[in-house]
Amino acid sequence: TFAETTGTMLYDRKHSAWLVLLVLALLSQGCPLPAIVFAFGFDERTVADWQLKAGQHAKQVHTELVCQGKLELGQVQADELYTKTQAGPIWIATAMTVFSRLWLGGAISWQRDEQLITSVIEQVRAAALWGCSLLWAVDGFRAYPKAILKVFREPLYTGKVGRPRLVVWEDLQIVQVVKQRVGKRLISITRRVAYGCLERAEELMQASQVLLGVINTAYIERLNATLRTWMPYLVRRTRTPSGSRERLEAALFWTGCVYNFCHVHATLAGTPAMAADLTDHVWSIEELIRYRCRRE
């Protein structure tokens with residue numbers, strides 16, 4: 001015989017499972033860690049450890065359920081967040097598919113560079129159905145087109161001797177929304193095609209958006225605003241910066257996984273995971289924590 005919590009972070013805890021789940025639910029919705037410590041009388045290291053383990057578990061769930069190469073993505077939007085940690089400034093890149101609002105992954109780096117962008121694009125590639133029609137809508141950062149064209153390539157086998165040539169996906173479009181500012185004031189917005197055809201890009205946009213309009217990055221910007229609301233570490237002005245990159249990544253994946261599987265979206269008939277056909281019901285925090293990932 002064995003406990004039903006065996007293999008989950010709830011196993012062999014000194015506190016009741018319902019209390020751990022309650023704290024994790026509060027953390028996923030932006031309750032600051034010091035407030036939880038004050039309200040429940042826990043040691044701060046205990047709550048931080050719960051969040052770390054929940055985030056590591058959420059990353060495994062995300063990899064197993066989302067990054068399986070089965071999603072018709074349509075339009076994908078990506079953007080970056082900037083925040084401060086006790087070790088210095090840090091950048092977070094995130095991506096989502098517009099039609100289902102599904103969060104496709106995130107990456108963290110000390111620098112806003114091509115390596116950061118490539119890391120999140122590789123997560124999107126792992127989730128995408130091979131060869132599907134795909135529109136990327138990103139900001140004006142130069143690293144995006146280069147990284148996307150590098151990741152979304154497949155070998156072209158011709159039967160000749162030697163390494164096959166890599167070719168970009170046939171129906172891949174990349175558009176950039178470039179915002180020009182003077183200080184904090186927005187002066188102009190320029191939309192340009194970085195790769196592909198503008199007419200095809202607009203067709204993919206119309207097929208994936210409920211509200212039609214010009215090509216934009218509004219959906220990922222709203223998601224990033226949600227992440228800032230739900231993750232106290234990302235508040236623009238805070239007295240409690242993230243202590244480490246590892247804990248920030250754990251908080252990111254825990255929040256993103258709760259958003260995908262447990263949060264009913266206002267414009268959807270359920271959660272983003274339901275809209276993407278990854279599940280048929282709204283998950284509870286307990287179901288997410290108790291989900292058993294396949295062991296290698």
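What follows looks at some salt bridges, a histidine and a surface patch.

## Before you start

This is a predicted model, where local features need pLDDT of at least 70, side-chain atom pairs count only at pLDDT 80 or more, and totals for chains, interfaces and linings use all residues. Residues are numbered from 1 along each chain as its sequence is written, and side-chain values use heavy atoms, with hydrogens and water left out.

## A salt-bridge network

Let's begin with charges. The whole structure has eleven salt bridges, each one a side-chain nitrogen of Lys or Arg within 4 Å of a carboxyl oxygen of Asp or Glu. Glu 80, Arg 112 and Asp 139 join up in a network of them. Glu 80 pairs with Arg 112, with their closest N and O atoms 2.8 Å apart. That pair links distant parts of the chain, 32 residues apart: Glu 80 sits in strand β1 (residues 74-85), and Arg 112 in the loop between β3 (102-109) and α4 (114-127). Helices (H or I, at least four residues) and strands (E, at least two) are DSSP runs, numbered from the N terminus.

Arg 112 also meets Asp 139 in a salt bridge, at 3.7 Å from N to O. Asp 139 belongs to strand β4 (residues 134-139) and Arg 112 to the loop, so this pair ties together parts that are 27 residues apart in sequence. How covered are they? Buried means under 20% relative accessible area, exposed over 50%, and partly exposed in between (1.4 Å probe, protein chains only). Glu 80 is buried at 10% and Asp 139 is buried at 14%, whereas Arg 112 is partly exposed at 32%.

## A buried histidine

Now find His 62 in helix α3 (residues 44-65). With a relative accessible area of 1%, His 62 counts as buried. Its contacts (heavy atoms within 4.5 Å), leaving aside neighbours within four places in sequence, include Cys 67, Trp 103, Gln 123 and Phe 253. Leu 104 is also in contact with His 62, and the backbone oxygen of Leu 104 lies 3.0 Å from a polar atom of the His 62 side chain.

For the surface, look at Trp 18, Leu 22 and Phe 40, which make a nonpolar patch of about 310 Å². Patches are made of residues with over 30% relative accessible area and no salt bridge; like charges are joined within 9 Å, and nonpolar side chains (Val, Leu, Ile, Met, Phe, Trp, Tyr) within 5 Å. Accessible areas come from the Shrake-Rupley method with a 1.4 Å probe, and for residues only the protein chains shown count as cover. Trp 18 lies in helix α1 (residues 17-28) and is exposed at 58% relative accessibility.

Key:
A polar contact is a pair of N or O atoms within 3.5 Å; within protein, one must be able to donate a hydrogen and the other to accept it, and residues adjacent in sequence count only if both atoms are side-chain atoms.
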